[in-house]
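Please keep the sequence and the three-dimensional view at hand while reading.

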Amino acid sequence: MSRTRLDTLRRLAPFSGCSDKELRRLDALLDEATVPAGKQLTAVGQHGTQAFVVVAGAAEARIGDRHLADFGPGDVIGEMALLDRRAARVATVVTTEPTTVLVMDPRSFESVMAQFPTVARHIATVLAQRLRAADVAVD
């Protein structure tokens with residue numbers, strides 16, 4: 001892995017607390033994809049098979065016409081479906097500009113969660129914040 005790739009991973013919030021050795025191990029678990037603006041990453045109601053970490057670019061979460069959230073570099077998308085495989089996606093997420101993402105399938109996601117406690121803690125914190133925000137929005 002190049003120094004540039006290592007620095008890119010370190011700048012992303014989920015991986016910022018990882019050592020160089022951990023980042024090299026993480027890199028082996030993550031696939032990178034560049035997608036055009038308007039690409040649907042998740043669809044509400046569908047069962048998900050991937051989670052994403054935004055490297056560059058932007059995306060937005062929606063339910064129908066209702067805007068829920070914006071995502072940018074370092075944000076994790078789609079983790080709920082991989083944490084609870086029985087659950088359907090709760091929102092549709094679409095890129096709003098050309099976007100580079102790191103992609104985790106169920107196996108790599110499980111490995112990341114089991115082998116990298118700082119990353120797992122970050123993902124759990126993000127999930128808790130989203131659930132609190134959703135609870136407040138419902139009230």
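Leaving aside its neighbours within four places in sequence, with which residues is H67 in contact? With that exclusion, H67 touches E60, A61 and R62, where contact means heavy atoms within 4.5 Å.

The structure is a predicted model, in which local features need pLDDT of at least 70 and side-chain atom pairs count only at pLDDT 80 or more, while totals for chains, interfaces and linings use all residues. Residues are numbered from 1 along each chain as its sequence is written, and side-chain values use heavy atoms, with hydrogens and water left out.

H67 belongs to strand β5 (residues 66-71). Helices (H or I, at least four residues) and strands (E, at least two) are DSSP runs, numbered from the N terminus. With a relative accessibility of 36%, H67 counts as partly exposed; buried means under 20% relative accessible area, exposed over 50%, and partly exposed in between (1.4 Å probe, protein chains only). Between H67 and A91 there are 9.6 Å in space, C-alpha to C-alpha, and the two are 24 residues apart in sequence.

V44, I63 and L68 make a nonpolar surface patch of about 220 Å². Such patches consist of residues with over 30% relative accessible area and no salt bridge; like charges are joined within 9 Å, and nonpolar side chains (Val, Leu, Ile, Met, Phe, Trp, Tyr) within 5 Å. The areas come from the Shrake-Rupley method with a 1.4 Å probe, and for residues only the protein chains shown count as cover. V44 is located in the loop between β2 (40-42) and β3, and its relative accessibility of 42% makes V44 partly exposed.

**The sheet**

Four strands form an open sheet in the order β1-β8-β3-β6, with antiparallel pairing. Two strands pair if DSSP finds at least two bridges between them. β1 and β6 (76-77) are the edge strands, each pairing on one side only. β3 and β6 run antiparallel and are joined by two bridges; V53 stands opposite V76 in β6.

**Helices with a buried side**

In helix α1 (residues 3-11), the buried residues are R5, L6, T8 and L9. Viewed down the axis of α1, these buried residues fall within an arc of 160 degrees, so they line one face of the helix; the arc is that of the directions from the helix axis to the C-beta atoms. The exposed residues T4 and R11 are carried on the face of α1 turned away from its buried side. Among the elements covering the buried residues of α1 are α2 (20-29), β1 (31-35), β3 (51-56) and β8 (99-104).

Helix α2 has L23, L26 and D27 as buried residues. Their arc around the axis is only 105 degrees, which puts them on the same side of α2. K21 and A28 are exposed on the face of α2 turned away from its buried side.

In α4, the buried residues are S108, F109, S111 and V112. These cover an arc of only 160 degrees around the axis and therefore sit on the same side of α4. The face of α4 turned away from its buried side carries exposed R107 and A114.

**Salt bridges**

The structure holds eight salt bridges, a salt bridge being a side-chain nitrogen of Lys or Arg within 4 Å of a carboxyl oxygen of Asp or Glu.

| Pair | Distance, N to O |
|---|---|
| R130 and E79 | 2.6 Å |
| R86 and D84 | 3.5 Å |
| R85 and E110 | 3.2 Å |

R130 forms a salt bridge with E79. R130 lies in helix α5 (residues 117-138) and E79 in helix α3 (residues 79-83), so this pair ties together parts that are 51 residues apart in sequence. R130 is partly exposed, with a relative accessible area of 25%, whereas E79 is buried at 1% relative accessibility.

R86 is exposed at 73% relative accessibility, and its partner in a salt bridge is D84. D84 is partly exposed, with a relative accessible area of 31%.

R85 forms a salt bridge with E110. R85 lies in the loop between α3 and β7 (92-95) and E110 in helix α4 (residues 106-115), so the pair ties together parts that are 25 residues apart in sequence. R85 counts as partly exposed at 45% relative accessibility, and E110 counts as partly exposed at 45%.

R5, D27 and E32 are linked in a network of salt bridges. R5 is one of the buried residues of α1, and D27 is one of those buried in α2.
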